[in-house]
Amino acid sequence: MALKIVKGSIDRMFDKNLQDLVRGIRNHKEDEAKYISTCIDEIKQELKQDNIAVKANAVCKLTYLQMLGYDVSWAAFNIVEVMSSSKFTFKRIGYLAASQCFHEGTDVIMLTTNQIRKDLSSPNQYDTGVALTGLSCFVTPDLARDLANDIMTLMSHTKPYIRKKAVLIMYKVFLKYPESLRPAFPRLKEKLEDPDPGVQSAAVNVICELARRNPKNYLSLAPLFFKLMTSSTNNWVLIKIIKLFGALTPLEPRLGKKLIEPLTNLIHSTSAMSLLYECVNTVIAVLISLSSGMPNHSASIQLCVQKLRILIEDSDQNCEPSVNACMKYLGLLAMSKILKTHPKSVQSHKDLILQCLDDKDESIRLRALDLLYGMVSKKNLMEIVKKLMLHVDKAEGTTYRDELLTKIIDICSQSNYQYITNFEWYISILVELTRLEGTRHGHLIASQMLDVAIRVKAIRGFAVAQMATLLDNAHLLTGNTQRNGICEVLYAAAWICGEFSEHLEDPKQTLEAMLRPKVATLPGHIQAVYVQNAAKLFATVLRSQESTPDTTAAQETSQLMIDRLPLFVQSANLEVQERASCILQLVKYIQKLQQKEVEVAEEVTALFAGELNPVAPKAQKKVPIPDGLDLDAWINEPPSESESEDEKPKAVFAKEEPKHTRSRHSEVDEKELARRREARKQEQANNPFYIKASPSSQKVYQDTPGVEHIPVVQIDLSVPLKVPGMPLSDQYLKMEEDRRQKEKDEKKKKEKKRKREKRARGRHVDSGPESEEDITPAHHVDIVTEEMPENALPSDEDEKDPNDPHKALDIDLDKPLTDSEKLPTRTHRSADVLKSPGGDGDGVSITGEPKKKTRKEKKEKKKAKDKERMRSAEDKKTKKKHKHDPEEEEANIHEVVTLVKADETQSTEPLPPSVSAGASDLDFWLTSDAAPSGIQEAVAATNTEMPTDADLGEVKDMEPEEMKSKHKKKKLKKEKEEMEKKKKKKRHHHHRSDRGEAESVQNGTMEEDDEEPLPPMSNYCLLAENAYVKMVYDIQGNLQDGSQVVVSIIFQNMSSSFLKSMEFNVLDSLNSKLQRPEGATPHDGLTVPFQLPPGVSNEARFVFSVQSIVMPQKLKGTLTFIVKSDDSSTHEKLDFKLHFTCTSYLITTPCYSDAYAKLLESGELKSSSLKLEGVTMPFHHLLARICFHHHFSVVERIDSCASMYSRSIQGHHVCLLVKTAAETVSIDAKCDELMLLENVLEEIKQTFSQS
Amino acid sequence: MIKAILIFNNHGKPRLIRFYQYFAEDMQQQIIRETFHLVSKRDDNVCNFLEGGSLIGGSDYKLIYRHYATLYFVFCVDSSESELGILDLIQVFVETLDKCFENVCELDLIFHMDKVHYILQEVVMGGMVLETNMNEIVAQVEMQNRMEKSEGGLSAAPARAVSAVKNMNLPEIPRNINIGDINIKVPSLSPF
């Protein structure tokens, strides 16, 4: 044994170590690969030895070879061996090698669990450290699950060195094992205040990384981070925190206000450029979040942009040039952030951005290009593109030039060609781009040509002419083999010329161009298109020639085809060959007919009749699965798995089985089959991809009139299309300028005329400086929207990456932990543990708490159910679509309500109190300025008065006996609410506002019968309106759930077109959130579940969850919809602001006078008061108004004095004592939440100041 | 998050590669080649940020690099990292190397790749920045080296290789990476 060891160490003397290996490789530059392969052989020998030192040395060398690109995974087991060595030196080598080459697919990783656990608990801190470092690189879900608890323990290790590593690695554990986030989070939060700055920094690092993906879950940490920001001196930590705040401010504008001051202080005090820059960046984010909607802040944005300009423009002579370049880059980067929300502020610096395009630094040029994308408008598009075209000519590197090319196309085509006013110009730009040499983006240009020609019907004539020229000059594009990429445009050119051949000036010439022998050198797929479209052209030519008396011309054309096509029949490309031989035979037959003097043109044209429609790229995915189709169901019974073919070959041929299955299927019964057939037909009719057999089915495309009906633009052909010495597009630029000038002049003239006539017109025309909207397109252009299947699913899920590990980390961290969520711990083997090796708690948990896995499943099930529900509702809708009798309408409303309700019930599990507590803490922190004192005296003062009134209360009967419905509007509303009531049967207490009003009349002493009738009132107020749609809304609290309000919105179609695909979206705030179906992100809108025919209105309800109700709030939102008229459809949107008043959180609740008295006596209420002057309305009107608009009920009324009561959805009591004397109304009020009370009073005041 | 740290020389020869996301070996080599191609054609006085190596990540990722004498230090990071912060971090890393190797040069990196890794492990862990205080980093590295020494080290004759290296006749490579003259005025994060 001893001898063996001695021998081993002698051998070792001759082993190469890492340095020898490196030197050897450097000395064998000629035959490096060979040398390395001998080295690998040596290493393999070394790994076979027992001596761990030898093995470690070998593994060390392998790590080096891995860097050179050699796969060393074959040594994975040896690496594990070295990792488990007791010596630190070897262990470190092992872990290093493992961290370089282990990954989730490495199977030996599962052998390491216990070794790593042992190392983690080693008394030597460096053993632990090395294990943590290694683990951070190769942690797998299994390792994460098994070791999470051990690592969590290490977070409280005595040594800060271990603590910081343990904290940091937790992020990796969370990613791999999301269930660990909630149990570990409290400790992680604790580490934010660790005495050691390194540990603190690590914790900040982890939380910032987590919060970056799901910021809203971390808003409650804002006060803590704020404290850190003002106390920490570690720049790295500060940078991280400030970046995090930048991500949080958009969610909570109030946070921004708090941040401005400390950030400004930092900007002034720090000397670190990196910190300074991040501060500026976050200030920008704050300003953006504050200024959205508020014009007065745009001045500060302007200032920011100005400062950034200085950063970009100036170069500090004292600095390294590269530092100046860095600042320039970052300045542009920051500008692009502003651009997203305040394009106007940045647009004025167009000159600077264009200048940056000349920079020698490609990074800066690319940044500038990016900015340009967002800066274009109708006005400057042509100019900007012209500049870019100049750069395209100048650019030397092909990569940058290609980048320019794609940017030009991106800029022009963005948001559905929104900024293009002249499509002729765009086509000529595309044509000019084809002259680029060696670009890779031929297909991009081609697809743009196709898209424009198909979707902009008006431009087809022009496009076809241009494409014909391209085809004619095809030799220019194909002449050079280097230009291969660009020949793709010929594909587009040939197709456009063929498909829209009726627009061709001289189809015969184009046909000839397409049949040139040179074409055979093009790639196969292009040739195929050539052949096919030659046939289309042939049809057109025939038609024009047959209409003339001379028949020889037609025959000549056929002869031309017959002469040229054989070339393609011989093509090596199958597609070309097949099409060519098909068409050749066809033409031969036509020729025969022609010789018999038969007119064939009509029939030939019929071959290519019909129009192709653009289809949205995602259309296929969005086709909903029809009812009754189960994609998972077997079409034929699967052969039973137990019997394989080898074992029982006879069984396959046995007659029994197939018979059995067949008979089973026939049992499905004829009715079912007929139903399915019907469903399939329905589906096919809606499916744009389904090619129908009968020509009549073309009628399905209702909005595509035949070719004859295409509005052909009158192109003034007297304008020469080519001007020598001047590129085509430039000319358009000039023309466009002239045109705009002319238009402007005309407009001015009109304006003057109008003024002279002084006729008030409905439409207001802006006579100020030329604005975006003033620029009218050169032609009437109608951009066809891409088709979608009729009842496409409103899912945006396809945009999310299902593999994003961060999605799983979107977890509510404020909820208290449940028992089932404890991290699996390693215990001594007990019976329980044996049952559940993973420690997942399957079958172990006694509490019966839902376990993670099952919860997930449930979620999925719910989702599926929900989808189904949505689908069925939608299906019903489509069936009903065109009927509008009131009953139907009501049923629709009904459905809407159920839909929303369904969402509500399943997406809101009752929140534990701590959530709202946490949120209100934050609210408190954010609004901590308002804390008035000295209320007590006021309370005492009013206390004496109120009870006396209440004492006199006799009115007990709160239920109104007679309901005089006075106004039709109210009646309608009542019906709706009745419906709502049916749905919420438990809502006994919910008194409807109109009833409250009735009460007020009745509850009073009822003396005068001569009281004037109440004026009509409606709680629905205007939300927004434009030419297409008008929205009015009302907000009602939900008594059952203290955190919900229901917003009812009536959509009214004001236009003469059909409105469809309405999508309602709101920018959530921290406090109020739109309840979206599970799985939707906060940016997803909700589809309004109906369509609106002209003049029709319909109501939809949306549920919002609110946390704090003491303050009113405004939420910004957008309604997007498609306006569909007979011949076109456009996308429109309407912005609105939802105003959640504090009143809307109040619910009319009756109160007995003795209870009322007790409440006031309790002394827990804070008080406030309000005086209204100049109120002329009768007192009962006043009360009715308060009842109706502010959801109060009258407890008691004596002469000109009344006590009123209401309750908030979160159970706050609000009491009013209203007194009136000589046009002055004084309201004394009490409530357990002062802020709420003051806001309600403010709102009451507003109600009366308006009238 | 840092996705990868690459160190290669003016000819694109890798001196240290550290990926924090798994890529197969041939992919790693391709990434190195692409990155080298992107970085090497840039002037020394243009900015230190580069967008989008197409292989490593796409649009959310940036290459942030510094060029010291014969070596490029390239960090591939996502948008959660501050650009200038990472530049400073590279500086800290190189200064640490300089302290640990006493006037570091490319040769040190070539022959002691493992040691460079160990130093890096004290700066960045699993793609996240672990420590930015140079003194703390150096202290931890030295403690571990001392431990290794007390165990007798990896090879029985550690001096042998070192002397061999010193005596080798190598083409003139600037001996000193010379952090002094880089002296970039991206103010160093002094309180690290």
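A polar contact here is a pair of N or O atoms within 3.5 Å; within protein, one of them must be able to donate a hydrogen and the other to accept it. Keep that in mind for the first view, and note that everything shown comes from a predicted model.

**View 1. A:Glu46 and its partner A:Lys61 in chain A.** The side chains of these two residues pair up in a polar contact at 3.2 Å. A:Glu46 sits in helix α3 of chain A, which covers residues 32-48. Is A:Glu46 buried or exposed? Its relative accessibility is 4%, so A:Glu46 counts as buried, the cut-off being under 20%. Leaving aside residues up to four places away in sequence, A:Glu46 touches A:Asp15, A:Val54, A:Lys55, A:Asn57, A:Ala58 and A:Lys61.

**View 2. A:Met327, touching residues of both chains.** Look for this methionine in helix α18 of chain A, residues 321-341. With a relative accessible area of 9%, A:Met327 is buried. Once residues up to four places away in sequence are set aside, A:Met327 touches A:Met273 and A:Leu311 from chain A, plus B:Leu84 from chain B. A:Met273 lies 54 residues from A:Met327 in sequence, and their C-alpha atoms are 9.5 Å apart.

**View 3. Where chain B meets chain A.** Chain B brings 78 residues to this contact and chain A brings 82. Between them the two chains bury about 7,300 Å², with 58% of that on carbon and sulfur atoms. How many salt bridges cross the interface? The rule finds eight. One to zoom in on joins B:Glu122 to A:Lys165, with the closest N and O atoms 3.6 Å apart. On the chain B side, helix α5 (residues 134-150) gives the largest share of the residues touching chain A, namely seven. Sorted by type, that side of chain B splits into 38 nonpolar, 18 polar and 22 charged residues.

**View 4. Helix α48 of chain A, a mostly covered helix.** This helix runs over residues 1179-1190, so 12 residues in all, and spans 16 Å from its first C-alpha to its last, close to the 16 Å expected at 1.5 Å a residue. How many of its residues are buried? The count is 12 of 12. Among them are A:Phe1179, A:Leu1182, A:Leu1183, A:Ile1186 and A:Phe1188, as well as A:Arg1185 and the histidines A:His1180, A:His1181, A:His1189 and A:His1190.

Definitions and conventions. Residues are numbered from 1 along each chain as its sequence is written. Chains are lettered from A and ligands numbered from 1 in the order in which they are written. This is a predicted model: local features need pLDDT of at least 70, side-chain atom pairs count only at pLDDT 80 or more; totals for chains, interfaces and linings use all residues. Side-chain values use heavy atoms; hydrogens and water are left out. Helices (H or I, at least four residues) and strands (E, at least two) are DSSP runs, numbered from the N terminus. Buried means under 20% relative accessible area, exposed over 50%, partly exposed in between (1.4 Å probe, protein chains only). Contact means heavy atoms within 4.5 Å. Buried area is the accessible area (1.4 Å probe) that two parts lose on being put together, summed over both. A salt bridge is a side-chain nitrogen of Lys or Arg within 4 Å of a carboxyl oxygen of Asp or Glu. Ala, Val, Leu, Ile, Met, Phe, Trp, Tyr, Cys and Pro count as nonpolar, Asp, Glu, Lys and Arg as charged, and the others, Gly among them, as polar.
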